[in-house]
Structures are given as C-alpha cells and as structure tokens.
Amino acid sequence: MATPAQWVAGARPRTLPAALAPVLVGTGAAAALGGFRLVPALLALLVALALQVAVNYANDHSDGKRGTDADRVGPMRLVGSGAASARSVLVAALLAFAVAAGAGLVLAALSSWWLVAVGAVCIAAAWTYTGGPLPYGYRALGEVFVFVFFGLVAVAGTTFVQTGRVEGLALAAAVPIGLLSTALLVVNNLRDVAGDAVVGKRTLAVLLGDRATRLFYVGLLAGAFAVVAAIGVVRPWALLGLLAAPLAVPPSRVVLTGGRGPALIAALQATGLLTLVTGVLLAAGLALSG
C-alpha cells in the first residue's frame, strides 16, 4: 500500500504551477477590465488544481496499465512502481475529477450554465490524454491540447467567470501562459523520449527527434516573452512579466547543451518555476493596468 508521501508524490505537485498560473493571469485580466470577483476566482483555482491532480493520477493509472511506466527516468509513478494498484489510483483520479466538477457546477451557477459543457470537455480531455482507446497523448497531440486547455480555456475562462465576457485581453494573455505550459510538457517528454519510443508512445518529442525538440522548447519560451512584450505595447504594466525572463536561462542552457536524465528533471522543475513566476508578474501587471 502506498504511503501518504507516495500519494502526494503521485499527484505530482511540481506540475501545479501549470494550473495556478492561468488562473492568476485570468484574474489579472479580469481586474484590468474592472470585473475582479474573489469567489469565482477562488472557485476557478480549485477547479484548475483539482483537474491537474486528476489528470496526473489518470495518467499514472493509464500509463501504468499499458506498461509505459515500467522503466521511468522521472518521478515515481504509483502503478508503474507497484506502490499502488491501478484500481486505487483510478479511484483517486475520479475523486479529484469529482472535486473539479463540484466546484465547476458552483461556478456555472454563479456565471453561466454553458460552463457545464466546457467543464465536461475539459474532463474528457484530461482523461483521454493517456486513457481510453485512442489516447491523444500517444499521438503527438498533447502539446496542442495543453496550449488550448492550460492557456486559452483556463485564462479566458477565469476572466469570463468574473466579468461575464470573453475578452481579447484575456485571450492575448493566455498565449504566453499556454506556451510556457506547453514547454513543461515538451521538456517532460524530452526526458522520456527514449523510453516512450520503445513502448510505442508517439509523443511529439518522439516524432521530432532529440535536437528539434530541444530547439522547439527554447522557441516556446522565447515566444512566450515575445507575446508578453507585445501585450506591453497596449498595457505597459504587463511588461512586469518580462522580469521572469532570466529564469528561462538555466533550463534553456540545460536543454540546448544536451542535458539528459536528472538534468532534464531539474529543467522541468525550473520551467515550472518560470511558468509560475511569469504568471504572478503578468497577473500583477495586468491588474495594475486597470
């Protein structure tokens, strides 16, 4: 039976910045538009965090059953390591999905019932990343879905539940966060590229190959800060987000110089920190621009 510490590790808390950053930026955009509301913001945060934990457990369950995690370089997986049964990890995933769904229903009641359909799509996307008969994470589509759901949907959705409108500012601010969240997945898949290729998991990193994936990662980081700079033309306070740019240097250096194994684990952690700090600074800049 897995210990509490192993269950916490299985939830992969280091991935939570990808859930926290878009809510912060979406709330900053809402404040810039004069529509900040604390309760919907907190509910959106609960939905995002619960969905992130749910997808982490769901991936652990699905990859463990497929045998993808039999020889991992990265953090321990509960099913793949034998620390927990596939059934117990599935239950944990379903409980986290239930928390997200419950908070989402309250959000829908406070804003718009159309959010029920959006939430259902988000849950379906979270489950089918590695679960179901046609997991898109095994077909080089993970990066597209991460950009859409952790960027556009999460940021614009957070703004919507506070302002009642889908705003251009929120969509623009979603782009850098979506790119940084995508970079998290890219460096994660780069770390696992050899093992994924062996078991037939055709991630984008497997298809692109080692060198192109490394260049793609750095391009995502550069693109994120280029968009922040573009937003700053209209909302100068948004340029605060550029203060996070130096944090991109260490992981970029690791990736570009051919780092592998533990070095890429450190790069993954650094990318998570970069995503969170950029989200905090960009959110603050947007709020100050209101």
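This report describes the overall form of a predicted protein model and then some of its residues.

The model is predicted, so local features are taken only at pLDDT of at least 70 and side-chain atom pairs only at pLDDT 80 or more, while totals for chains, interfaces and linings use all residues. Residues are numbered from 1 along each chain as its sequence is written, and side-chain values use heavy atoms, with hydrogens and water left out.

## Overall form

The protein has 13 helices and 0 strands. Helices (H or I, at least four residues) and strands (E, at least two) are DSSP runs, numbered from the N terminus. Read from that end, the order of elements is α-α-α-α-α-α-α-α-α-α-α-α-α.

Along the principal axes, the C-alpha atoms fill a box of roughly 50 × 45 × 30 Å.

Of the 290 residues, 50% are buried. Buried means under 20% relative accessible area, exposed means over 50%, and partly exposed lies in between (1.4 Å probe, protein chains only). The accessible surface is about 12100 Å², and carbon and sulfur atoms hold 74% of that surface. Accessible areas come from the Shrake-Rupley method with a 1.4 Å probe; for residues, only the protein chains shown count as cover.

Among contacts with a separation of 6 or more, 76% join residues 24 or more positions apart. A contact means heavy atoms within 4.5 Å.

The side chains include 18 positive and 9 negative ones, and the centres of these two sets are 4 Å apart. Lys and Arg count as positive and Asp and Glu as negative, while His and the chain ends are not counted. The place of a charge is NZ of Lys, CZ of Arg, CG of Asp or CD of Glu.

The structure contains 4 aromatic pairs. In one of them, the ring centres of Phe145 and Phe149 are 6.0 Å apart and the planes are at 15 degrees, so the pair is stacked. Rings of Phe, Tyr and Trp (its six-membered ring) pair if their centres lie within 6.5 Å; planes under 30 degrees apart count as stacked, over 60 as edge-to-face and the rest as tilted. Both residues belong to helix H7 (residues 142-163), where they are 4 residues apart, about one turn of the helix. Together with Tyr129 and Tyr136, Phe145 and Phe149 form one aromatic cluster. Phe145 is partly exposed, at a relative accessible area of 27%.

Helix H7 also holds Phe150, which is partly exposed with a relative accessible area of 23%. Leaving aside residues up to four places away in sequence, Phe150 touches Ala18, Pro22, Gln52, Phe145, Ile177 and Ser181.

## Loop residues

Most residues other than glycine have a negative phi. Arg12 has a positive phi near 55 degrees. Arg12 sits in the loop between helix H1 (4-10) and helix H2 (17-32) and counts as buried at 12% relative accessibility. Ala140 also has a positive phi, about 60 degrees. The loop that holds Ala140 runs between helix H6 (114-128) and H7, and Ala140 counts as buried at 14% relative accessibility.

Pro236, Gly261 and Gly209 also lie in loops. Pro236 is placed between helix H11 (210-234) and helix H12 (249-256), Gly261 between H12 and helix H13 (262-288), and Gly209 between helix H10 (204-208) and H11. Pro236 is exposed, with a relative accessible area of 53%. Gly261 counts as buried at 15% relative accessibility, and Gly209 is partly exposed at 24%.

| Pair | Apart along the chain | C-alpha distance |
|---|---|---|
| Pro236 and Leu286 | 50 residues | 8.7 Å |
| Gly261 and Gly28 | 233 residues | 36 Å |
| Gly209 and Val193 | 16 residues | 8.3 Å |
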